[in-house]
Amino acid sequence: MKALVAVKRVIDYNVKVRVKADNSGVDLTNTKMSINPFCEIAVEEAVRLKEAGIVDEIIVASIGPKESQEQIRGALALGADRGILVQTDEKAYPLQVAKILKGIADQEGTEVVLLGKQAIDEDNNQTGQMLAALMGAGQGTFASEVKVADGKATVTREIDGGLQTVALDLPAIITTDLRLNEPRYAKLPNIMKAKKKPLDEKTPADYGVEMASKLETIKVVPPAERQAGITVASVDELIDKLRNEAKVI
Ligand code: AMP
């Protein structure tokens with residue numbers, strides 16, 4: 001059985017985001033970029049399925065600029081077998097990404113497709129759902145446990161106030177939540193080996209997809225600056241300030 005994992009190159013989660021002066025987006029100049037953390041969890045889950053003898057081959061795909069190769073190589077170092085970079089300098093919106101991933105899944109005949117529940121750069125939380133709709137496949141989103149056996153994927157989902165378990169026919173689309181697993185660190189020998197693993201380069205046109213989107217980002221603004229706090233000398237002073245200055249009690 002083949003698994004496809006979608007990994008997105010995003011701004012590293014430790015980096016303080018700078019907004020461009022014209023508010024058109026986030027400034028990525030000289031910024032550390034990484035695999036989207038939820039995608040890393042998806043790679044780890046695929047590797048565990050392979051280690052359990054359920055999956056034979058893991059294909060990692062990324063849609064984005066040439067540099068996304070770094071994130072694909074990172075996933076290969078974690079245990080994926082080969083990569084596909086669908087190169088584009090256009091902004092990759094969820095519908096276009098989902099169409100390309102469908103093209104890859106159809107071509108490769110992948111039975112399990114793992115994605116992050118969301119990419120931390122745009123917080124869309126849409127791609128997996130759109131892919132499931134385009135493929136006419138079942139979706140197990142926000143997965144905290146995944147089992148694949150007897151032609152089905154059983155996915156435990158994190159929902160408000162509890163857990164829900166769903167059974168999906170294969171091919172199935174699974175999106176990962178934070179508690180699904182803790183991704184391993186790549187070991188140096190595996191980083192070296194990953195450099196030799198196959199990485200195909202494609203374009204959106206190879207999958208018949210135009211990157212033009214019906215969605216336009218109008219404005220991006222940073223969060224409002226928080227005012228500095230103060231230290232009060234006593235509980236009485238605190239109560240006085242809450243009552244007479246903040247007027248919250
Ligand atoms: P989103 O719907 O944008 O929040 O992204 C959800 C998931 O879809 C990500 O965690 C990835 O697994 C996948 N995805 C989104 N954009 C891309 C991309 N450009 N390349 C590869 N995978 C992507």
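## Ligand site

A cavity is a set of grid points where a 1.4 Å probe fits but cannot get out, computed over the protein atoms alone. A molecule sits in a cavity if more than half of its atoms lie within 2 Å of the cavity's grid points. In this predicted model, the ligand sits in the largest cavity. The shell around the ligand holds 18 residues. The closest are Ala6, Ile63, Ala119, Asn125 and Thr127. By class, the shell divides into nine nonpolar residues, eight polar and one charged.

Two strands, β4 (57-64) and β6 (112-116), each supply at least two residues of this shell. β4 gives the most, with three residues.

In Asn36, an N or O atom of the side chain is 3.0 Å from an oxygen atom of the ligand. In Gln126, a polar backbone atom is 2.8 Å from an oxygen atom of the ligand. The protein covers 99% of the accessible area of the ligand, which on its own amounts to 480 Å².

## Overall architecture

The protein chain has 249 residues, and 40% of them are buried. Its secondary structure comes to six helices and 11 strands. Along the principal axes, the C-alpha atoms fill a box of roughly 65 × 40 × 40 Å.

Ala3 is in strand β1 (residues 2-6). Its relative accessible area is 0%, so Ala3 is buried. Lys50 comes 47 residues away from Ala3 along the chain, with 8.9 Å between the two C-alpha atoms.

Ile11 belongs to strand β2. Buried means under 20% relative accessible area. Ile11 counts as buried because its relative accessibility is 9%. Val43 is 32 residues from Ile11 along the chain, and their C-alpha atoms are separated by 18 Å.

## Helix α2

Helix α2 spans residues 69-78. Its buried residues are Gln71, Ile72, Ala75, Leu76, Ala77 and Leu78. Gly79 follows α2, and its phi is positive, near 135°.

## Backbone exceptions

Most residues other than glycine have a negative phi, and most peptide bonds are trans.

Asn23 is not a glycine, yet its phi is positive, near 60°. Asn23 is found in the loop between β2 (9-11) and β3 (33-35). Its relative accessible area is 26%, so Asn23 is partly exposed. Asp150 also has a positive phi, near 50°, in a residue other than glycine. The loop that holds Asp150 runs between β7 (138-149) and β8 (152-159). Asp150 counts as exposed because its relative accessibility is 80%.

The proline is Pro171. The peptide bond from Leu170 to Pro171 is cis, with omega near 0°. Pro171 lies in the loop between β9 (162-169) and β10 (172-176).

## An exposed loop residue

Ala233 is in the loop between β11 (199-202) and α6 (235-244). The cut-off for an exposed residue is over 50% relative accessible area. Ala233 has 74% relative accessibility, so it counts as exposed. Ala233 and Arg73 are 160 residues apart along the chain. Their C-alpha atoms are separated by 55 Å.

Note on methods:
Residues are numbered from 1 along each chain as its sequence is written. This is a predicted model: local features need pLDDT of at least 70, side-chain atom pairs count only at pLDDT 80 or more; totals for chains, interfaces and linings use all residues. Side-chain values use heavy atoms; hydrogens and water are left out. A residue is near a molecule or strand if one of its heavy atoms lies within 4 Å of it. A polar contact is a pair of N or O atoms within 3.5 Å; within protein, one must be able to donate a hydrogen and the other to accept it, and residues adjacent in sequence count only if both atoms are side-chain atoms. Accessible areas come from the Shrake-Rupley method with a 1.4 Å probe; for residues, only the protein chains shown count as cover. On a 1 Å grid over the protein atoms alone, a cavity is a set of points where a 1.4 Å probe fits but cannot get out, and a pocket is an open set with protein on both sides within 12 Å along at least five of seven lines; lining residues have an atom within 4 Å of a point. Helices (H or I, at least four residues) and strands (E, at least two) are DSSP runs, numbered from the N terminus. Ala, Val, Leu, Ile, Met, Phe, Trp, Tyr, Cys and Pro count as nonpolar, Asp, Glu, Lys and Arg as charged, and the others, Gly among them, as polar. Buried means under 20% relative accessible area, exposed over 50%, partly exposed in between (1.4 Å probe, protein chains only).
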